[in-house]
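Have a look at the sequence and the model, and then I'll walk you through them.

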Amino acid sequence: MAFRIPSIRKASKGTNVPKGYLAVYVGDKMTRFVIPVYYLNQPSFQELLSQSEEEFGYDHPTGGLTIPCSEDAFLNLTCQLSGQ
């Protein structure tokens with residue numbers, strides 16, 4: 001099942017990340033999403049970053065930023081941040 005959210009996209013490994021975006025890994029399956037970097041300034045997203053720091057420190061198993069939440073919770077948050 002694919003989700004169409006303008007601000008984020010599911011991305012396969014090896015896909016180039018455009019300027020102004022960041023790749024993150026989410027959920028048990030470590031699904032890779034590409035998100036706009038301006039999300040990093042949002043208080044609700046900063047809470048996820050704090051949880052990520054507590055759980056993984058700065059050593060993320062995938063080599064990228066790993067967000068410790070379910071895909072559903074991540075998609076709900078990004079929908080709110082994108083204004084949908």
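Let me start with a term: a residue is called buried when its relative accessible area is under 20%, exposed when over 50%, and partly exposed in between, using a 1.4 Å probe and protein chains only. By that rule Phe-74 is buried, because its relative accessibility is 0%. We'll come back to Phe-74 in a moment.

A word on the source: this is a predicted model, where local features need pLDDT of at least 70, side-chain atom pairs count only at pLDDT 80 or more, and totals for chains, interfaces and linings use all residues. Residues are numbered from 1 along each chain as its sequence is written, and side-chain values use heavy atoms, with hydrogens and water left out.

Now the overall layout. The chain has 2 helices and 4 strands, and along the sequence they come in the order β-β-β-α-β-α. Here helices (H or I, at least four residues) and strands (E, at least two) are DSSP runs, numbered from the N terminus. Of the 84 residues, 37% count as buried. If contact means heavy atoms within 4.5 Å, then 50% of the contacts with a separation of 6 or more come from residues 24 or more positions apart.

On to the helices. How do α1 and α2 pack? Helix α1, residues 43-56, and helix α2, residues 71-81, meet at an angle of about 150°, and their axes are 10 Å apart. That makes the two helices roughly antiparallel to each other. For the cut-offs, angles under 35 degrees are roughly parallel, over 145 roughly antiparallel, 65 to 115 roughly perpendicular, and the rest oblique. The axes are lines fitted to C-alpha atoms, for helices over the stretch in contact, and the angles run from 0 to 180 degrees between N-to-C directions.

Which residues make the contact? From α1 they are Ser-44, Phe-45 and Leu-48, and from α2 they are Phe-74, Leu-77 and Leu-81.

Phe-74 also brings us to the aromatic rings. Rings of Phe, Tyr and Trp (its six-membered ring) pair if their centres lie within 6.5 Å; planes under 30 degrees apart are stacked, over 60 edge-to-face, and the rest tilted. The structure holds 4 such aromatic pairs. One of them is Phe-33 with Phe-74, a tilted pair at 5.2 Å centre to centre and 45° between the planes. Phe-33 sits in strand β3, residues 31-36, and Phe-74 in helix α2, so this pair links distant parts of the chain, 41 residues apart. Phe-33 is buried too, at 2% relative accessible area.

Tyr-39 and Phe-45 also pair: their ring centres are 6.1 Å apart and their planes at 50°, so that pair is tilted. Both are buried, with Tyr-39 at 0% and Phe-45 at 0%. Ring pairs join Phe-33, Tyr-38, Tyr-39, Phe-45 and Phe-74 into a cluster.

Back in α2, is Glu-71 buried or exposed? Glu-71 belongs to that helix, and at 19% relative accessibility it counts as buried. Its side chain makes a polar contact of 2.5 Å with the side chain of Thr-31. A polar contact is a pair of N or O atoms within 3.5 Å; within protein, one must be able to donate a hydrogen and the other to accept it, and residues adjacent in sequence count only if both atoms are side-chain atoms.

Last stop: Val-37, in the loop between β3 and α1. Val-37 is partly exposed, at 38%.
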